[in-house]
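This briefing covers a ligand site, annotated positions, aromatic rings and a few individual residues. The sequence and structure come first, and the notes follow by topic.

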Amino acid sequence: MINGKKVLYSGMQATGNLTLGNYLGALKNWVTLNEEYECFYGVMDLHSLTVRQNPTEFRQRARALYILYVAAGLDPEKNCIYYQSHVSGHAELAWLLNCFTYMGELNRMTQFKDKSSKHADNINAGLYTYPVLMAADILLYQADVVPIGADQKQHLEITRDIAERFNSVYGDVFTVPEPFIGKKGARVMSLQDPAKKMSKSDENLNASIYLTDDRDTVIRKFKRAVTDSDSVVRYSEDKPGISNLMEIYSAASGKSYDEIEKEFDGKGYGDFKLAVGESVADILQPLQARVAELAKDKAYIDSMIKANDEKAQYFSTKTLRKVQKKLGLTERIR
Ligand code: TYM
């Protein structure tokens, strides 16, 4: 608890071009939940280093991500929005937690298996211990809740296991966090292959809607989305393309599946795809305008980064010192 409120923690990697999946699966829920909780949102730049980055582009992307959080409606004066790499406690706690994590657990992580098959030439130890750094992010702030998309659920489970393991030896040191996975939009699929998750690293640019796509591009990509040979707008397991579009439309417009099925009763896929495209473009356009506006205000963003670094430092150090003490590391002499 901080200021009488439960704590929320989440973040995104500062890699690649963010997609509609990141927005509907995570960012949108962060905004809905942020009044209720004391919130920490990290720009996860340390996690991004498991893949080689171009330093100049990387710095720009990390800044763009910071601005995106604010543009989406997270007030940096109320929410602690900060860079993971600015708070040394993340890497420090990750080391300590590495000593409480089993290789057998890490071997089971599906994201590690996926990513190591995609980057066969660079299967580094960071990729392997990635979930431990994520556990450190969350546990450092004693988070109660972690809003994420469905693909991160396994990482939340290992975080809980590590926290419980530590607590069982040393007493109640860590709050054991709960995942928050939205009812709609928790797993947005590729527009070109609805069996695959929409991902920023997809080579087919038509597979993903990027948060930077303009209105025409969004509508064009939805028009080209893979569906089926039927022509009925209905949510069903055997209609993965249409079901994915319905999920996106429902998350974007707030309409239920029943309402959507009624709205397009007797109409073809063309009308439906256009409506989905428009509802998404209606969200992205104002978001992009706010990003452009905020990007101009360098002094404001810089002052928020500075203030929030200090806030994150303060709360993370509290946890880190407690952990170090429990483990028997020698206390600092003041
Ligand atoms: P990342 O950067 O891959 O994704 C950020 C968030 O977006 C969600 N997401 C999706 N949701 C629905 N459909 C999709 N197609 C989709 N693609 C991505 C992700 O589930 C995530 O919530 N390891 C994390 C970043 C991280 C983190 C943390 C998150 C590091 N430390 C601590 C929470 C708490 C990651 O790579 O997310």
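**Leu127 and the basis of the model**

Leu127 counts as buried, at 5% relative accessibility (buried means under 20% relative accessible area, exposed over 50%, and partly exposed in between, with a 1.4 Å probe and protein chains only). The model is predicted, so local features need pLDDT of at least 70 and side-chain atom pairs count only at pLDDT 80 or more, while totals for chains, interfaces and linings use all residues. Residues are numbered from 1 along each chain as its sequence is written, and side-chain values use heavy atoms, with hydrogens and water left out.

**Leu127 in its helix**

- Leu127 lies in helix α7 (helices are DSSP runs of H or I with at least four residues, strands are runs of E with at least two, and both are numbered from the N terminus).
- Not counting residues up to four places away in sequence, Leu127 touches Thr50, Phe112, Lys115, Ser116 and Asn122 (contact means heavy atoms within 4.5 Å).
- Leu127 and Ser48 are 79 residues apart in sequence, and their C-alpha atoms are 9.6 Å apart in space.

**Asp137**

- UniProt, in an unreviewed entry, lists Asp137 for "binding site" (UniProt positions are given in the numbering used here, feature names are shortened, and annotations may be inferred rather than shown by experiment).
- Asp137 is placed in helix α7, which covers residues 125–140.
- Asp137 counts as buried because its relative accessibility is 2%.
- Leaving out residues up to four places away in sequence, Asp137 touches Tyr9, Met44, His47, Gln84 and His90.
- The side chains of Asp137 and Gln84 are joined by a polar contact of 3.0 Å (a polar contact is a pair of N or O atoms within 3.5 Å; within protein, one must be able to donate a hydrogen and the other to accept it, and residues adjacent in sequence count only if both atoms are side-chain atoms).

**Around the ligand**

- There are 27 residues around the ligand, of which Tyr130, Asp137, Gly149, Asp151 and Val188 come nearest (a residue is near a molecule or strand if one of its heavy atoms lies within 4 Å of it).
- A backbone N or O atom of Gly149 lies 2.8 Å from an oxygen atom of the ligand.
- A polar backbone atom of Gln13 is 2.9 Å from an oxygen atom of the ligand.
- From Lys200, a polar side-chain atom lies 3.4 Å from an oxygen atom of the ligand.

**The annotated motif and Asn29**

- The unreviewed UniProt entry places the feature "short sequence motif: 'HIGH' region" at residues 14–22.
- Over residues 14–22 the chain is 33% helix and 0% strand, with the end C-alpha atoms 12 Å apart.
- Asn29 is found in helix α1, residues 20–33.
- With a relative accessible area of 11%, Asn29 is buried.
- Apart from its neighbours within four places in sequence, Asn29 is in contact with Leu24, Phe180 and Gly182.

**Aromatic rings**

- The structure holds 18 aromatic pairs (rings of Phe, Tyr and Trp, the last by its six-membered ring, pair if their centres lie within 6.5 Å; planes under 30 degrees apart count as stacked, over 60 as edge-to-face and the rest as tilted).
- One aromatic cluster is formed by Tyr9, Phe40, Tyr82, Tyr141, Tyr314 and Phe315.
- Lys184 lies over the face of Tyr257, at 4.3 Å from the ring centre (a charge sits over a ring if NZ of Lys or CZ of Arg is within 6 Å of the ring centre and within 35 degrees of the ring normal).

**Positive phi values**

- Most residues other than glycine have a negative phi.
- Asn3 has a positive phi, near 50 degrees.
- Asn3 is in the segment before β1 (7–13) and counts as exposed at 68% relative accessibility.
- Gln142 also has a positive phi, near 55 degrees.
- Gln142 lies in the loop between α7 and β4 (145–147) and counts as buried at 16% relative accessibility.

**Two serines in helices**

- Ser279 is placed in helix α12, residues 269–296, and counts as buried at 11% relative accessibility.
- Not counting residues up to four places away in sequence, Ser279 touches Tyr249 and Ala252.
- Ser279 and Ala252 are 27 residues apart in sequence and 6.2 Å apart in space, C-alpha to C-alpha.
- Ser168 is placed in helix α8, residues 153–170, and counts as exposed at 60% relative accessibility.
- The side chain of Ser168 reaches the backbone oxygen of Arg165 at 2.8 Å.
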